[in-house]
Amino acid sequence: MTLAVQFTQVSRQFGDVKAVDRVSIDIQDGEFFSMLGPSGSGKTTCLRLIAGFEQPSAGSIRIHGEEATGLAPYQRDVNTVFQDYALFPHMNVRDNVAYGLKVKGVAKAERIQRANEALEMVALGGYGERKPVQLSGGQRQRVALARALVNRPRVLLLDEPLGALDLKLREQMQGELKKLQRQLGITFIFVTHDQTEALSMSDRVAVFNKGRIEQVDTPRNLYMKPATTFVAEFVGTSNVIRGELARELSGYPQPFSIRPEHVRFADGPLASGEIEVHGLLHDIQYQGSATRYELKLANGQTLNLSQANTQWLDNTTQHQTGQPLSVRWAREAMVTLHDTVSGEV
Amino acid sequence: MNTLAITRTPAPGSPLRRFSNLLYRRPNLYLSMLLVPPLLWFGAIYLGSLLTLLWQGFYTFDDFTMAVTPDLTLANFTALFQPSNFDIIVRTLSMAIAVSIASAIVAFPIAYYMARYTRGKTKAFFYIAVMLPMWASYIVKAYAWTLLLAKGGVAQWFVQHLGLGPVLQFVLGIPGVGGSTLSTSHLGRFLVFVYIWLPFMILPIQASLERLPPSLLQASADLGARPRQTLMQVILPLSVPGIAAGSIFTFSLTLGDFIVPQLVGPPGYFVGSMVYAQQGAIGNMPMAAAFTLVPIVLIAIYLSIVKRLGAFDAL
């Protein structure tokens with residue numbers, strides 16, 4: 001399997017700040033790869049390093065096997081969809097899309113045809129004559145996508161492209177992007193701070209924190225087997241049990257994670273391989289599809305329990321805040337966490 | 001529920017409060033109060049005097065008695081097309097065009113550097129450096145240039161030491177450009193004009209480049225454009241409004257100027273100096289008024305050309 005992008009011990013420093021710190025990633029050809037992390041975690045800098053807008057302070061970046069360090073953006077076979085779309089305001093939609101072909105010297109007839117095809121692909125066939133200001137946010141987003149894809153790049157970089165769209169449109173675009181990626185079979189590298197988005201679209205996700213990678217894994221593994229406390233808490237919600245209680249419950253000194261939906265109310269005799277803890281019900285939050293119960297444990301730690309509201313008109317009145325409660329979970333649902341950033345993957 | 005409800009009838013209020021409430025209820029009144037004084041000033045004093053002046057262009061000037069009589073005539077305006085007057089117009093117009101083009105070429109790199117590469121204190125330094133020459137009197141600067149460009153002045157000394165004396169002689173020999181020395185040549189006048197109006201070109205271009213999002217340039221490079229292509233396809237087209245705004249300054253200021261043409265360059269009137277001479281020394285107010293119309297018409301034509309080129313589309 002060829003690698004689309006390979007980072008080897010890449011660092012990027014801005015003054016004293018290490019935006020990217022000894023990051024190594026292998027991104028497979030044809031993969032939908034997401035870079036997930038809070039703002040300032042280095043994910044966008046990594047994307048800019050691939051695009052060539054930044055040069056690494058140390059380390060090496062290979063794009064399809066070729067050393068890319070030192071190459072200018074226009075010398076790289078990658079294209080970017082920008083967060084603010086970066087459409088040229090003085091050109092109409094078709095000229096925007098055809099721009100990449102124009103600067104590469106593609107003949108006019110061909111570039112108009114290919115631009116029209118690209119616009120058809122993003123369902124903006126009749127919009128060629130319009131100026132970007134006459135389009136809605138979602139339409140601009142599609143134009144930006146068509147403008148990048150018309151060059152037939154082997155790697156497409158997407159820098160939080162859905163961030164400015166409202167929820168419905170965002171969900172729709174997520175589906176379309178995923179479909180497009182399968183259709184074209186090219187590598188998508190997608191930067192986002194939205195973990196749901198990353199989980200639902202990606203083949204693999206890299207979780208960034210403070211310039212380092214905490215974990216690279218499939219969405220399922222990321223959620224089910226978080227490697228570090230950061231991943232456990234950033235991807236979905238999690239109960240991270242630390243300290244003496246962790247040692248008592250799991251037998252290991254490391255903290256562990258248990259997902260709220262894997263915790264259930266105690267009923268009947270304790271089965272083997274189950275763990276039971278006691279606490280006071282502190283808060284009940286009705287969330288529509290689920291109800292969340294917040295327990296205060298004896299040592300002061302909070303434990304969340306999430307119960308799916310599968311019953312029609314399920315009522316939650318059987319529990320009162322302040323009442324003592326016992327909850328259980330299966331031992332195998334506990335994931336032991338590392339507190340340190342692993343860095344190496 | 002008396003604990004929460006604080007019942008207080010609105011105080012009758014001072015006249016000032018009632019007035020401010022009135023303004024709040026009637027935003028148009030508020031707006032007109034803001035706009036009427038400047039519009040009165042602009043309309044009555046500025047436009048009014050200008051129109052009065054232009055109206056005088058239709059009056060008759062008696063060459064013999066040197067008296068102005070309010071007998072309406074088109075003679076002054078037709079006189080503009082006499083060869084001697086038309087020469088003045090052509091001379092002024094070509095200088096204004098040349099100065100605008102040269103200013104744009106010189107200003108662009110400075111403006112680009114200011115907009116994209118400086119920040120904080122460096123940017124403030126550049127602002128001050130660009131505007132500093134405007135702190136000194138314009139006449140003093142023009143005089144200073146006559147000395148700098150004079151025979152045996154700094155400019156010529158410098159050119160001689162670079163071994164470029166023959167080149168200078170050749171340039172000064174070109175008709176329409178040269179003259180006997182730099183300070184009495186068209187070239188010298190042109191240099192002084194470019195020097196004096198340059199800040200008016202730098203600042204608008206800088207402002208237009210400042211508004212250019214960096215992601216546009218990155219997008220251009222990302223799509224495969226070399227730096228030169230990015231400059232021609234993205235940066236220049238988007239800075240056209242700035243260049244247009246700057247050129248309106250340089251163009252109109254050169255058209256109306258009457259000091260520099262007197263101090264630097266070969267003899268011969270400019271439109272500005274012609275107006276000055278007609279209404280001052282000669283007392284031919286109608287002819288001066290007719291000449292005043294020339295820059296107004298030229299700038300109107302210029303603006304319509306610039307507008308047709310789409311320079312204001314991005315505003």
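How are H4(B) and H9(B) oriented to each other, roughly parallel or oblique? The structure is a predicted model, in which local features need pLDDT of at least 70, side-chain atom pairs count only at pLDDT 80 or more, and totals for chains, interfaces and linings use all residues. Residues are numbered from 1 along each chain as its sequence is written, while chains are lettered from A and ligands numbered from 1 in the order in which they are written.

Start with the helices of chain B. Helix H4 (residues 83–117) of chain B packs on H9(B) at an angle of about 45°, and their axes are 6 Å apart. Helices here are DSSP runs of H or I with at least four residues, strands are runs of E with at least two, and both are numbered from the N terminus. Axes are lines fitted to C-alpha atoms, for helices over the stretch in contact, and angles run from 0 to 180 degrees between N-to-C directions. H4(B) and H9(B) are therefore oblique to each other. The classes are set by angle: under 35 degrees is roughly parallel, over 145 roughly antiparallel, 65 to 115 roughly perpendicular, and the rest oblique. The crossing of H4(B) and H9(B) is right-handed. A crossing takes that name if the near helix is turned clockwise from the far one by less than a right angle, and is left-handed if anticlockwise. By class, the contact of H4(B) with H9(B) holds 22 nonpolar, 2 polar and 2 charged residues. Nonpolar covers Ala, Val, Leu, Ile, Met, Phe, Trp, Tyr, Cys and Pro; charged covers Asp, Glu, Lys and Arg; the others, Gly among them, count as polar.

H9(B) has another partner. The axes of helix H9 (residues 186–210) of chain B and helix H11 (residues 227–256) of chain B come within 7 Å and cross at roughly 155°. That makes H9(B) roughly antiparallel to H11(B). Their crossing is right-handed. On the H9(B) side, the contact includes Phe193(B), Trp197(B), Phe200(B) and Met201(B). On the H11(B) side, Phe249(B), Thr250(B) and Leu253(B) are among the residues that take part. Two residues are in contact if their C-beta atoms, placed from the backbone, lie within 7 Å. The residues of this H9(B)–H11(B) contact divide into 13 nonpolar, 6 polar and no charged.

Now widen the view of chain B. Its assignment gives domain 1 (15–56) and domain 2 (75–308). Domain bounds come from an automatic or database domain assignment. Taken over C-alpha atoms, the centres of these two domains of chain B are separated by 35 Å. Helix H2 (residues 27–56) of chain B and helix H14 (residues 285–308) of chain B have axes that come within 7 Å and cross at roughly 120°. H2(B) passes H14(B) in a left-handed crossing. Leu53(B), Leu54(B) and Gln56(B) in H2(B) meet residues of H14(B) that include Met285(B), Pro286(B) and Ala289(B).

Next come the sheets of chain A. One is an open, mixed sheet of 6 strands in the order E6-E7-E8-E3-E9-E10. E6 and strand E10 (212–217) of chain A stand at the edges with a single partner strand each, so one side of each is left without a neighbour in the sheet. Neighbouring strands of this sheet are turned by 20° against each other on average, direction ignored. Strand E3 (residues 32–36) of chain A pairs in the parallel sense with strand E9 (residues 204–209) of chain A over 4 bridges. Pairing requires that DSSP finds at least two bridges between two strands. Ser34(A) has Val205(A) as its bridge partner in E9(A).

Another open sheet of chain A has 5 strands in antiparallel pairing, ordered E13-E17-E14-E15-E16. Strand E13 (264–265) and strand E16 (302–308) of chain A are at the edges, each with a single partner strand, so one side of each is left without a neighbour in the sheet. E13(A) joins E17(A) through 2 bridges, and Phe265(A) stands opposite Val327(A). Strand E14 (residues 274–286) and strand E17 (residues 324–330) of chain A pair over 7 bridges. Glu274(A) is partnered by Ala330(A), and Ile275(A) by Trp329(A).

Finally, the chains meet. 19 residues of chain A are in contact with 17 residues of chain B. Strand E6 (78–81) and helix H2 (93–103) of chain A each supply at least two residues of the side that touches chain B. H2(A) gives the most, with 3 residues. This side of chain A divides into 11 nonpolar, 5 polar and 3 charged residues.
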